[in-house]
Amino acid sequence: MKRRIEIGILLSRTGGYAAISNASFTGAMNAIRKVNEDPAFAIELSPVVRDPEGQIDLYAPQCKSILKDSTARHILGCVTSWSRKEVLPVLERADATLWYAVPYEGFEASDHVVYMHACPNQHLLPLLDWAMPRFGKRMHLVASNYIWGWEINRLAREVVTTSGGEITGERHLSLGETGVEDMVDEIIEIRPDFIMNSLIGPSQYSFVKALKARMPGLPILSCNLTECELPLMGEAADGLIAAGPYFHAPGLDFANSHEAAAYASTMEMARLFHAHPGGENLPLADLLALDNGAGPIDAQTHHTALPALIAKAEGGRFVVQQSLPARPGDPYLTRPERHHRRPSLRIVT
């Protein structure tokens with residue numbers, strides 16, 4: 001008989017970020033089904049599902065609910081850095097672990113998080129390296145007003161200015177805000193070489209539609225856009241440029257990188273729990289120490305090695321323009337041999 005292990009699933013399958021969450025949910029459920037049907041696994045995964053409905057104040061209580069009402073100590077979920085930060089204190093008090101399977105802004109290596117998607121040396125830096133020789137060095141920044149947008153913009157500014165480029169402007173929108181007219185008017189007047197877009201959810205969809213209607217040839221770049229959100233922008237999505245570790249192509253298994261990363265996260269949990277009976281109750285550091293480097297997770301940073309792909313949206317799908325080999329996640333950009341470009345440090349007084 002298989003050993004039954006509960007794992008948490010904390011995803012907002014309704015609300016403004018439902019497209020991303022549903023892609024992650026599909027990946028997790030397919031992995032759970034595969035593990036449970038495979039006789040080679042001595043374990044059976046049982047999901048404990050919570051839906052915060054895209055409301056930031058529900059993440060911590062629902063994370064707490066999973067930990068209180070079940071035996072789960074490993075939770076897959078959260079699709080924004082804001083929600084990840086919300087649940088961290090809950091995880092720390094319970095010695096529990098979050099498997100975070102969407103892109104993020106780096107500069108974090110929590111003892112209670114496994115980072116299973118790309119960080120800046122795996123998305124932003126290769127994206128700017130690819131874009132500047134093609135489009136120019138006059139970059140305009142737009143972002144949602146929270147840590148993802150702040151950190152991506154800060155790093156992008158460093159990279160472009162140290163390369164001799166110019167920041168033509170930087171604007172932020174509150175999460176969920178869709179009033180983009182002033183932002184678009186400014187871009188039309190300034191005419192930058194390209195846009196670095198770190199808006200998320202409905203803000204991003206409104207911005208892309210409005211800018212494409214008035215300036216269709218202006219390149220719009222993103223580090224967190226995948227196939228699951230293209231239908232929400234319709235024909236306006238054509239020409240968008242994104243960086244990520246995976247884009248769907250005929251013959252590949254997953255519809256987008258969110259689904260692929262959630263699947264990989266759940267399968268890695270299963271491998272660890274199968275290989276180390278009782279490991280599902282251990283703190284992350286102890287579990288990885290027990291595994292002694294057998295899996296893909298860096299025991300020091302809790303990140304993984306991922307390829308860096310640059311792709312362009314065409315007809316509802318992404319077409320890869322450049323493919324770089326897998327590189328270890330380097331959240332603090334302290335390992336220059338692990339990426340091609342490193343922004344210079346400066347003293348701020």
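1. Let me start with Arg138, which is partly exposed in this predicted model, with a relative accessible area of 27%. Its side chain meets that of Glu166 in a salt bridge, 3.4 Å from N to O. The two residues link distant parts of the chain: Arg138 belongs to strand E6 and Glu166 to strand E7, 28 residues apart. Glu166 is also partly exposed, at a relative accessible area of 39%.

2. Leu221 stands opposite Ile241 in E10.

3. Strands pair through backbone hydrogen bonds, either parallel or antiparallel. In this case 5 strands form an open sheet in the order E2-E1-E3-E4-E5, and the pairing is parallel. Strand E2 (43–50) and strand E5 take the edge positions with a single partner strand each, so one side of each is left without a neighbour in the sheet. The twist averages 30° from one strand to the next.

4. Within this sheet, 3 bridges join strand E1 (residues 3–10) to strand E3 (residues 74–77), and the two run parallel. Leu10 stands opposite Gly77 in E3. Helix H2 (residues 59–69) lies across E1, E2 and E3, and its direction is at about 170° to E1.

5. The structure holds 14 salt bridges, and the one between Arg84 and Glu105 deserves a look, with the closest N and O atoms 3.1 Å apart. This pair links distant parts of the chain, 21 residues apart: Arg84 is in helix H3 (residues 81–94), while Glu105 is in the loop between strand E4 (97–100) and strand E5 (113–115). Are these two residues buried or exposed? Arg84 counts as buried because its relative accessibility is 0%, and Glu105 counts as buried because its own value is 1%. Arg84 and Glu105 are also part of a network of salt bridges with Lys85 and Glu108.

6. Asp185 and Arg214 make another salt bridge through their side chains, at 2.5 Å from N to O. Asp185 lies in helix H6 (residues 181–190) and Arg214 in helix H7 (residues 201–214), so the pair ties together parts that are 29 residues apart in sequence. Asp185 counts as partly exposed at 37% relative accessibility, and Arg214 is partly exposed with a relative accessible area of 48%.

7. Helix packing next. Helix H1 (residues 18–37) and helix H8 (residues 257–275) pack at an angle of about 35°, and their axes are 7 Å apart. The crossing of H1 and H8 is right-handed. On the H1 side, the residues in contact include Ile20, Ala23, Gly27, Ala31 and Val35; on the H8 side, Ala262, Tyr263, Met267 and Ala270 are among them. How do the residues of this contact of H1 with H8 divide into nonpolar, polar and charged? There are 10 nonpolar, 6 polar and 2 charged.

8. Phe107 has a positive phi of about 60° although it is not a glycine. Phe107 lies in the loop between E4 and E5, where Glu105 is also found, and counts as partly exposed at 29% relative accessibility. Arg191, likewise not a glycine, has a positive phi of about 55°, and is found in the loop between H6 and E8.

Key: Residues are numbered from 1 along each chain as its sequence is written. This is a predicted model: local features need pLDDT of at least 70, side-chain atom pairs count only at pLDDT 80 or more; totals for chains, interfaces and linings use all residues. Side-chain values use heavy atoms; hydrogens and water are left out. Two strands pair if DSSP finds at least two bridges between them. Helices (H or I, at least four residues) and strands (E, at least two) are DSSP runs, numbered from the N terminus. A salt bridge is a side-chain nitrogen of Lys or Arg within 4 Å of a carboxyl oxygen of Asp or Glu. Buried means under 20% relative accessible area, exposed over 50%, partly exposed in between (1.4 Å probe, protein chains only). Axes are lines fitted to C-alpha atoms, for helices over the stretch in contact, and angles run from 0 to 180 degrees between N-to-C directions. A crossing is left-handed if the near helix is turned anticlockwise from the far one by less than a right angle, and right-handed if clockwise. Contact means heavy atoms within 4.5 Å. Ala, Val, Leu, Ile, Met, Phe, Trp, Tyr, Cys and Pro count as nonpolar, Asp, Glu, Lys and Arg as charged, and the others, Gly among them, as polar.
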